[in-house]
Amino acid sequence: MSILTNKCIVLGVSGSIAAYKSPDIVRRLQDLGAEVRVILTQGGAKFITELSLQATSKNKVQNNLWDKEAELSMGHIELAKWADALLIAPASANTIANLAAGKACDLLSSVILASDCPTLIAPAMNQQMYTSNSVQDNLATLVQRGIQIIDPENGVQACGDIGEGRLAESDEIAKQVGLMFQSTKMSGKKVLITLGATIEAIDPVRYLSNHSSGKMGMALADACIEAGAQVTLILGDVSTSISKPSKQIFVTSAEQMYRSVMENINDQTIFIACAAVSDYSVKNPKNHKIKKSDKTLTIELVPTKDILKDVCQLPQKPICIGFAAETQNLLENANNKLKNKGCDAIILNDVSCTDLGFKSDENEVVFIDQKSSIKLAKNSKQKLGRKIIEIISEKFL
Ligand SMILES: Cc1cc2nc3c(=O)[nH]c(=O)nc-3n(C[C@H](O)[C@H](O)[C@H](O)COP(=O)(O)O)c2cc1C
């Protein structure tokens, strides 16, 4: 896994002569694993074509706030929500001034205003422009607002001047974006995550299971790895690619998952029970395939062991986070689960919506603990995973 794997980066390209380097910046971000979408300002389009940026980013380049088709679904808001980070490279003096003034005069400045994700800008301009009081004051304002500046380099400029203002190298820009995602919030912490669906055999060819894909658990694993944690995954049946580096243990039934959790729970800092574990298993699974007949077939089910509850009752229990996949009385059921299991927090998701939750790449959850409940609006599971891990770090570590 590279440092920008699964990261969505919006690259704003504005009207500096250095815009010709922007396809290379796209490439360097992709080398680190990012998916890139480009916003090209009118000024930027004087120096680089939309086609070059479309070909390198493999995404349609956005350049118009007044695009009727894109704005049908509020394109500028959608783009702001899609982004994990915003990068403007090169950032012209004009675009920097727009941001400092809080303008929403074009697509790029509107997306920046509509976004709450980290923003980096790489200024590029003539050395006299760069050292001017106006540009320096504007940059200072942006730094105060938490925007990160990727300093330009000193050297010979396109106009022949020598001084500070040359766009930083593409590699350096991509590296700075990557570094922003490196966190040490969970370094030295061990996290055990169960994910996916368990499978309970009826006979050698048939089984009871559920629709869990393991995607939410995998997104949480990615977020823990990014935050520096040592992750162990106990995987049931999953239909998603598996995060590395992590220790992976594959299991089938609820009983196997229970045993595996208990064998690995010692010295874990956090336990996240994200797997959809069957509440029942078949009492006497048959050794041979059950033959079809006209008679009613009754399968006797027995309750499985409660993994989360038993972990919560361990004398040296880790921080325990459970999931509640509910279809009705959502908050009531989730709060009951929090109390009955004795865990530190429950993440509630409504699995009655067909476009969210199970199998979907998106989710909408409520993080509930003894003191508060925090609603995390509909977003990709990757982004929700990061938000959940941030909340867990802040509340419990
Ligand atoms: C040939 C030429 C080169 C330019 N180079 C730069 C530059 O490197 N940096 C800069 O801030 N502005 C530069 N400008 C001015 C910007 O292109 C101009 O301010 C434009 O309005 C910026 O628009 P934007 O910020 O919306 O992209 C240059 C203009 C021209 C004509």
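Start by selecting residues 22-31, helix H1, together with residues 50-57, helix H2: their axes come within 9 Å and cross at roughly 10 degrees. Axes here are lines fitted to C-alpha atoms, for helices over the stretch in contact, with angles running from 0 to 180 degrees between N-to-C directions. Helices (H or I, at least four residues) and strands (E, at least two) are DSSP runs, numbered from the N terminus. H1 and H2 are therefore roughly parallel to each other. That label is for angles under 35 degrees, while over 145 is roughly antiparallel, 65 to 115 roughly perpendicular and the rest oblique.

Before you click on, note that this is a predicted model, in which local features need pLDDT of at least 70 and side-chain atom pairs count only at pLDDT 80 or more, while totals for chains, interfaces and linings use all residues. Residues are numbered from 1 along each chain as its sequence is written, and side-chain values use heavy atoms, with hydrogens and water left out.

Now show side chains on this pair. From H1, Ser22, Pro23, Val26, Arg27 and Gln30 meet Ser52, Leu53, Thr56 and Ser57 of H2, where contact means heavy atoms within 4.5 Å. Colour them by class and you get three nonpolar, five polar and one charged residues. In this scheme Ala, Val, Leu, Ile, Met, Phe, Trp, Tyr, Cys and Pro are nonpolar, Asp, Glu, Lys and Arg are charged, and the others, Gly among them, are polar.

Next stop: Asn6, in the segment before strand E1 (8-13). Asn6 isn't a glycine, yet it has a positive phi of about 70 degrees.

Then jump to strand E3 (residues 85-91), where you'll find Pro90. The peptide bond joining Ala89 and Pro90 is cis, with omega about 0 degrees.

Select H4 (residues 75-82) and H6 (residues 107-114) next. Their axes come within 8 Å and cross at roughly 55 degrees, so H4 and H6 are oblique to each other. His76, Ile77, Leu79 and Ala80 on the H4 side meet Leu107, Ser110, Val111 and Ala114 on the H6 side. This contact has six nonpolar, two polar and no charged residues.

Over to H10 (residues 215-226) and H14 (residues 381-396). The axes of H10 and H14 come within 8 Å and cross at roughly 55 degrees, so this pair is oblique. By class, that makes eight nonpolar, two polar and five charged residues.

Finally, zoom out and colour by domain: domain 1 is 8-181 and domain 2 is 190-396, with bounds from an automatic or database domain assignment. Their C-alpha centres lie 40 Å apart. Six residues from domain 1 and five residues from domain 2 make the contact. About 360 Å² is buried between the domains, and carbon and sulfur atoms give 29% of it. Buried area is the accessible area (1.4 Å probe) that two parts lose on being put together, summed over both.
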